[in-house]
Amino acid sequence: SNYDFGFGGANNYMGFNWAGPSFFYSRRIGRPPQGGGYAADYADVPDGPSILGAAKITGKIAGDWNVGVLEAVTAKEMADLSLGGLRSQSEVEPSTWYSVYRGQREFHQGRQGFGALGTAAIRYFDDPTLKDQLNSGSLALGFDGWTFLDKDQVWVLTGWTGATRNTGSATRIAAVQTGSGHYLQRPDASRWRLDPDATSLTGYAGRYTVNKQKGSVQFNSAVGFINPHFDTNDLGFLFRSDQINAHVSSGYRWSQPDKWKRFANVNAAVFGSTDFDGNLISPGVFLNGGVALANYWSFWPRFSFNPRSVNNRLTRGGPLTISPPRWDGGLY
C-alpha cells in the first residue's frame, strides 16, 4: 500500500533476531480505550472511541509521486461505573487527533526510489489523571529509499532511517521507559538509564540492506539499530528498542530441473546483536537448504548454533542473565 514504509527495491529482506518497528498501523485509530485505574464494582466501557471525522487520500501526483494522506479525530469516551450502588462516570479515552503523511517517488524506471513518512498523535485531556496513563503527543518522521548498484539491476542497496518524539507527564514517560519495549530501569544499565523526571523521549532507528536480486549465487546483508528512546507505539508497533543488529547471509540455488531434482539450495548466515551498552546478545550461525526431488519428495534440513551471550530482557527490567551455548537442528 502507499503507507508501507521501509520496503521497496529489494526482493529479500532477511532478519536474524531483528524486531523491526512499524511506523503506522491503521487499527491504532479507534482501538479500545486505554484509560483505567478507576474503582468500580461494575464498569461499562465502550468498545472503542467514536470517530468524529476521518479522511484518507491515496494516489499519484506530479507524475511519479505516490502519496497518501490520512487525518482522523476521535471523541472523548466515558465509562459508566457503579461502586457500592452509586453511579458515576470516568473518562477512559481522551479526544485524539491522528495524522499520517506519506510520499514516495521512483526515478529512472525504478532504479532509485526515495520516500518520507510522518505521523502524529495528539491527545486533548479533560481528566488530568489520564495524563499519567497516556502520551500527550507522539511524533514520528522517517525516510526510506533504494538504489541499484549496477546497470543490470543485480545488486541493490535499500534502507530507512527515522526518529520519534513522545511527550507527556513525568509519570507517563517513566512508564514508557520501564515498559517491555525499553526496560531502562535495569540495575546494570550503564549509559541509557531511567530518568524519572523526563517529560519527553526522543530516539532514532534505521536499517540498511544489500541484496543480490538475481542469479544462482545468493547474498543478503543488513545492519539495523533502534535507540533505547525510540518508540512508535501510538500509531505503530515497537517490539523492543536498545538493539544494534547485523547479519551476512550467502548461498547457492539450483533452479533448473534435471533427471533427479526439481530444485535445490543451500544457505549459511552469521548474525548477532548488541545493546547500546555493548552487551553481546544472540550471536550465532545458521545453515539450511534442501532438495525437491523429481518424484516430489523433498528434504529440508537446518542447523543453528549460538555461542555464550547475555539476555537483557529475560528478567523484565532486572539484571542481565547469561545465555549458555546452545544448538538446534531440524529436518522437514
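**Patch, spaces and salt bridges**

Visitor: What is the accessible area of the nonpolar patch on the surface?
Guide: The model is a predicted one. Its nonpolar patch is formed by Val217, Tyr252, Trp254, Val266, Val270, Val285, Leu287, Phe303, Phe305 and Trp327. Strand 12 (243-254), strand 13 (261-274), strand 14 (280-293) and strand 16 (301-306) each give two or more residues to the nonpolar patch. Together the residues of the patch have an accessible area of about 910 Å².

Visitor: Is valine 270 buried or exposed?
Guide: Valine 270 is placed in strand 13. The cut-off for exposed is over 50% relative accessible area. Valine 270 has a relative accessible area of 53%, so the residue is exposed.

Visitor: What volume does the largest pocket have?
Guide: The lining of the largest pocket has 25 residues, with Phe5, Gly6, Phe7, Pro21 and Ser22 nearest its centre. By class, this lining divides into 14 nonpolar, nine polar and two charged residues. Strand 9 and strand 10 (200-212) each supply at least two residues of the lining. The space in the largest pocket is about 470 Å³.

Visitor: Which helix gives the most to the lining of the second largest pocket?
Guide: The second largest pocket has a volume of about 230 Å³. Its lining has 16 residues, and Arg172, Val176, His182, Asp231 and Asn233 are the closest to its centre. By class, the lining of the second largest pocket holds four nonpolar, eight polar and four charged residues. The most, three residues, comes from helix 1 (residues 170-178).

Visitor: What is the volume of the largest cavity?
Guide: One cavity of 30 Å³ or more is present in the structure. The largest cavity has 14 lining residues, and Thr119, Ser138, Ala140, Thr232 and Leu235 lie nearest its centre. Its lining has six nonpolar, six polar and two charged residues. The volume of the largest cavity is about 70 Å³.

Visitor: How many residues apart are arginine 105 and aspartate 64?
Guide: These two residues form a salt bridge, and their closest N and O atoms are 3.9 Å apart. Arginine 105 is in strand 6 (residues 95-107), while aspartate 64 is in the loop between strand 2 (51-61) and strand 3 (65-74). The pair links distant parts of the chain, and its residues are 41 residues apart.

Visitor: Are arginine 186 and aspartate 242 buried or exposed?
Guide: The side chains of arginine 186 and aspartate 242 meet in a salt bridge, at 3.9 Å from N to O. Arginine 186 lies in the loop between helix 1 and strand 10 and aspartate 242 in the loop between strand 11 (217-226) and strand 12, so the pair ties together parts 56 residues apart in sequence. The cut-off for buried is under 20% relative accessible area. At 2% arginine 186 counts as buried, and at 4% aspartate 242 counts as buried.

Visitor: How far apart are the closest N and O atoms of lysine 261 and aspartate 258?
Guide: Lysine 261 is buried, with a relative accessible area of 6%. Aspartate 258 is partly exposed, at 34%. The two form a salt bridge, and the closest N and O atoms are apart by 2.5 Å.

How values were computed:
Residues are numbered from 1 along each chain as its sequence is written. This is a predicted model: local features need pLDDT of at least 70, side-chain atom pairs count only at pLDDT 80 or more; totals for chains, interfaces and linings use all residues. Side-chain values use heavy atoms; hydrogens and water are left out. On a 1 Å grid over the protein atoms alone, a cavity is a set of points where a 1.4 Å probe fits but cannot get out, and a pocket is an open set with protein on both sides within 12 Å along at least five of seven lines; lining residues have an atom within 4 Å of a point. Grid points are joined across faces, edges and corners, and a volume is the space filled by probe spheres set on the points. Ala, Val, Leu, Ile, Met, Phe, Trp, Tyr, Cys and Pro count as nonpolar, Asp, Glu, Lys and Arg as charged, and the others, Gly among them, as polar. Patches are made of residues with over 30% relative accessible area and no salt bridge: like charges are joined within 9 Å, nonpolar side chains (Val, Leu, Ile, Met, Phe, Trp, Tyr) within 5 Å. Accessible areas come from the Shrake-Rupley method with a 1.4 Å probe; for residues, only the protein chains shown count as cover. A salt bridge is a side-chain nitrogen of Lys or Arg within 4 Å of a carboxyl oxygen of Asp or Glu. Helices (H or I, at least four residues) and strands (E, at least two) are DSSP runs, numbered from the N terminus. Buried means under 20% relative accessible area, exposed over 50%, partly exposed in between (1.4 Å probe, protein chains only).
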